[in-house]
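Me: I would like to learn how to read packed helices in a model, one feature at a time. Could you take me through an example slowly?

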Amino acid sequence: MKDWDGYNAAARVQGKELNALHPELVKGFAALNRGAATTQHLDAKTRELIALAVAITTRCDGCIDAHVRKAKAAGATREEMAEALGVSIALNAGAAFTYALHVLDAAGTDAG
């Protein structure tokens with residue numbers, strides 16, 4: 001398994017380097033994150049559980065690291081995280097199933 005604290009520290013160092021190289025990009029990314037975190041109808045814990053489900057779908061280690069930390073800070077339990085992840089796993093399986101149907105469609109039918 002990953003050393004998440006080490007991963008986080010290394011990502012922060014590299015993030016500072018990217019900021020030095022392209023500060024407007026980092027500023028825009030930060031603004032997007034602030035905007036997404038500013039909601040009127042979802043509480044912080046719900047937003048973070050959604051973020052974790054999306055993080056495993058997009059296979060983003062940085063997202064996993066950041067949103068596990070934020071979910072814990074918002075009071076999410078391991079059990080709640082597991083349930084959110086279960087939804088994501090099921091949807092990924094559903095997407096694979098649906099795209100399997102696309103393959104069959106693209107393959108056409110055999111007349112013989």
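Me: What covers the buried residues of α5?

Reply: The cover of the buried residues of α5 includes α3 and α4, where helices are DSSP runs of H or I with at least four residues, strands are runs of E with at least two, and both are numbered from the N terminus. Among the residues of α5, M81, A84 and S88 are buried, a word that means under 20% relative accessible area, while exposed means over 50% and partly exposed lies in between, with a 1.4 Å probe and protein chains only. Please keep in mind that this is a predicted model, in which local features need pLDDT of at least 70 and side-chain atom pairs count only at pLDDT 80 or more, while totals for chains, interfaces and linings use all residues. Residues are numbered from 1 along each chain as its sequence is written, and side-chain values use heavy atoms, with hydrogens and water left out.

Me: How many residues does α5 have, and what follows α5?

Reply: Helix α5 has 30 residues, and from its first C-alpha to its last it reaches 43 Å, close to the 44 Å expected at 1.5 Å a residue; the expected span is 1.5 Å times one less than the number of residues. After α5 comes G108, which has a positive phi near 75 degrees.

Me: Which residues of α3 are buried, and against what do they pack?

Reply: An α-helix has 3.6 residues a turn, so residues three or four places apart point the same way. In α3 the buried residues are R47, E48, L49, A51, L52, A53 and A55, and they pack against α2 (23-37), α4 and α5 (78-107). The span of α3 (residues 44-58) agrees with expectation, because its 15 residues should span 21 Å at 1.5 Å a residue and its end C-alpha atoms are 21 Å apart. Just after α3, R59 takes a positive phi of about 55 degrees.

Me: How should I describe the way α3 and α4 pack?

Reply: Two packed helices are described by the angle between their axes and the distance between the axes. For α3 and α4 the angle is about 160 degrees and the axes are 9 Å apart, the axes being lines fitted to C-alpha atoms over the stretch in contact, with angles from 0 to 180 degrees between N-to-C directions. The two helices are therefore roughly antiparallel to each other (under 35 degrees is roughly parallel, over 145 roughly antiparallel, 65 to 115 roughly perpendicular and the rest oblique). Contact, meaning heavy atoms within 4.5 Å, is made by E48, A51, L52, A55 and I56 of α3 and C63, I64, H67, V68, K70 and A71 of α4.

Me: At what angle do α1 and α4 pack?

Reply: Helix α1 (residues 4-21) and helix α4 (residues 61-73) pack at an angle of about 110 degrees, with their axes 10 Å apart, which makes α1 roughly perpendicular to α4. The contact involves W4, D5, Y7 and N8 of α1, together with D61, G62, I64, D65 and R69 of α4.

Me: Which residues does D65 touch?

Reply: Leaving aside residues up to four places away in sequence, D65 touches W4, Y7 and N8. D65 is found in helix α4 and counts as buried because its relative accessible area is 7%.
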